Amino acid sequence: MRILIVEDDVTLAGQIADNLKDAGYAYDMAHDGEEGHFLGDTEPYDAVILDLGLPIMDGASVLKKWRADDKKMPVMILTARDSWTDKVEGLDAGADDYLAKPFVVEELLARLRALIRRSAGQTSPVLAVGPVRLDTRNSKVTVDGSAVKLTAQEFKLLSYLMHHEGKVISRTELTEHIYDQDFDKDSNTIEVFVNRIRKKLAVPIIQTVRGLGYRIEWEDDSA
Amino acid sequence: MNQSDNNVASDPVQLAEPDASRAARFIGSLTGRLVMSAVVWSFVALVVGGFVLSFAFRSYVLTDVDKRLELLLDTLIGISEVSPDGDFRFNQALADQRFVTPYSGWYWQVSTEEMEPLRSRSLWDFALDAHHEKRRFSLRYSIVAGPDGQQLRLAEHDIILPEAQQVFHYQVASNMAEVQAAINRFNWLLVSALALILLTVTLALVLQVSYGLRPLRQIKRDLGDVRAGRAAKLASARDPKLPQDLKPLVDEINGLIDQNDKLVQRARTHVGNLAHALKTPLSVIQNAVDGDDSEQSSTIARQTKEIRVHVDHHLKRARIAGGGTGVGLPVCDRINKLANAVAVIAGDKQLEMSVECDPGLMFDGEKEDFDELLGNLLDNAAKWAVSEVTVTVARLEEGLRRPLLEILVSDDGPGVPADKRDSMFDRGQRLDEQMPGTGLGLAIVRDIADMYGGNVKLSTAPLGGLGVRLLLPAK
């Protein structure tokens, strides 16, 4: 999952970034509205954390511009402007969630997880495909109840696939969503990761769709 | 209903007050001063006029009497003769019954220094003082004491009759009682007429002053409307009947209101900026110590939280405008938007939010304030509800001085026990420390409701959870 943080306070942005990294997200940072808008416009993000009071272009304008250009990624507004009028306006501008400063990181992460799940059409915080269960709250993966240890990159990849269960995901898309902007993208590493995950899970839920990418699906053989 | 409802409907100014202070207020008032000063002057003028009139009438009546006395005197002199042997007599009888009846009120007397005075029979045993030592050969009038306690108007003349060596002193008198009665009658009439005039003038003055000051009272009412939030500006400014001399005053007051609005607006903007400036660093501090269990970090975390509560409270309070806009805010549209926002922020919780509201209902106040009120109430309800939140809005008018909006927000959550409800309005009070929030929601709701002269009450909702009944001014 790849997140865009648009926040002009560098310290706060850094804190959020550290927490996102710890929680297994890839992220990009922008410190003004213009840069933020550009990144959101050109890169595929799974969610955006957007401050309203930004230099050059304010957050509400950035959001309105994205929505006008049909950018549909979920956006969480993070702002000190916590009056209900501000909240209504922010949501009217096309935001999907609203978090007032000062906030607790746990709440930010919980809301972010829920936001990503909802936008992918998932309702439960525990994603399940066949015997595989991925708990978005604590990043734990189990197969038939027993825990499976995954590296951070492996978890990111599996999580992205499981959020989009049943859909074919190209390698490029996977690369874009599990690495941040500065990462040296090499789609061959994706194949390596997928193979490692397949081995660790030991259940065939990741299918290769030749020439297109991967798809997560559980075909119940016993049925 | 209940006590707090009465607060909304009653107006302290309309309460009865003691008569004494009312009279004092009247004298101190502009109306009082104008009327009182005019009445005092009218009174003085009327009294002086009354005296002049009374005096004039008296002289007129006396002149009339004096003329009759002079005529009588002339007649008396005309019929007098002195016989060759020096005897004084009348050559003709003075045939008038009035001079015969004792104490009739009409008298005559002729005297010399030596002679026993000749007197009318009506004088009976009384003699008029002849004052021979002060001889004057001209007609003169005076008022003297007469018989039977009468007051007499006396005309006297000293004459030297032909063939006589002596000076004859002629005196004719008439009782003043009749004259006095006429004067008294006149004076009584005069006083009544003047009193009537004074009364009429006072009444006219009161009417005139109250008519003249009516624009001022209108301005006062308009100002009251502005203060109560029923109007944004003095309506008199647009009144074509407003007197020219008051227009500058009204315009100045409106200018002042404008300036005040601008100041409030600026203060709100500053508050918003301050909020932004403070909250980002607060977030940074909070996140920096988050998850660190050292004593220092937990102290910082605690104090940061404390700062947050204070900042939130004062910033939110400062944002409250608490006044009518004169335009009115469509309530239903706003509640739906807020309910939507609350549902989004509530996140995964599957809530059924129903809003029952007539689209024509208007709130007489600022959008920001209404948003804070309903946003906090809905947010609170959404936090505690199991699955359902309902909002109903109704307009109350009957028996009220001004129309009110009654907004009921109910949830199907655990509710609040009756004995804990009052403390729910305290700043920082939270029933469940596990729930997110600063515990400011209901305190702010009450603050805003108070600013609008409204009222908020907690009860048990029909759904089983907390029911909040909010009363606000309707437009």
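At roughly what angle do the axes of helix α9 (residues 367-384) of chain B and helix α10 (residues 441-451) of chain B cross? They cross at roughly 145° and come within 9 Å.

The model is predicted: local features need pLDDT of at least 70, side-chain atom pairs count only at pLDDT 80 or more, and totals for chains, interfaces and linings use all residues. Residues are numbered from 1 along each chain as its sequence is written, with chains lettered from A and ligands numbered from 1 in the order in which they are written.

**View 1. Helices α9(B) and α10(B) pass in a left-handed crossing.** Helices (H or I, at least four residues) and strands (E, at least two) are DSSP runs, numbered from the N terminus. Axes are lines fitted to C-alpha atoms, for helices over the stretch in contact, and angles run from 0 to 180 degrees between N-to-C directions. A crossing is left-handed if the near helix is turned anticlockwise from the far one by less than a right angle, and right-handed if clockwise. From α9(B), the contact takes D369(B), E372(B), L373(B), N376(B), L377(B), D379(B) and N380(B). From α10(B) come G441(B), L442(B), I444(B), V445(B), I448(B) and A449(B). Contact requires C-beta atoms, placed from the backbone, within 7 Å. By class, seven residues are nonpolar, three polar and three charged. Ala, Val, Leu, Ile, Met, Phe, Trp, Tyr, Cys and Pro count as nonpolar, Asp, Glu, Lys and Arg as charged, and the others, Gly among them, as polar.

**View 2. Helices α2(A) and α3(A) make a right-handed crossing.** The axes of α2 (residues 33-42) and α3 (residues 59-68) of chain A come within 10 Å and cross at roughly 20°. The two are therefore roughly parallel (angles under 35 degrees; over 145 is roughly antiparallel, 65 to 115 roughly perpendicular, the rest oblique). On α2(A), G33(A), G36(A), H37(A), G40(A) and D41(A) make the contact. Two of the contact residues are nonpolar, six polar and two charged.

**View 3. An open sheet of chain B has five strands in the order β4-β3-β7-β6-β5.** The pairing is antiparallel, and strands pair if DSSP finds at least two bridges between them. β4 (118-119) and β5 (140-145) of chain B each have a single partner strand, so one side of each is left without a neighbour in the sheet. Two bridges link β3 (residues 106-111) of chain B to β4(B). Q109(B) is opposite R119(B) in β4(B). Helix α4 (residues 176-212) of chain B lies across β5, β6 (151-159) and β7 (168-175) of chain B, at about 125° to β6(B).

**View 4. An open sheet of chain A has three strands in the order β10-β12-β11.** The pairing is antiparallel. β10 (168-169) and β11 (206-209) of chain A stand at the edges. Four bridges join β11(A) to β12 (residues 213-216) of chain A. V209(A) has G213(A) as its bridge partner in β12(A).

**View 5. Strands β4(A) and β5(A) pair in the parallel sense.** Four bridges connect β4 (residues 75-79) of chain A with β5(A). M76(A) has D97(A) as its bridge partner. The chain goes from β4(A) through α4(A) to β5(A) in a right-handed β-α-β crossover (with the strands pointing away from the viewer, the path from the first strand over the helix to the second runs clockwise).

Technical notes: Two residues are in contact if their C-beta atoms, placed from the backbone, lie within 7 Å.
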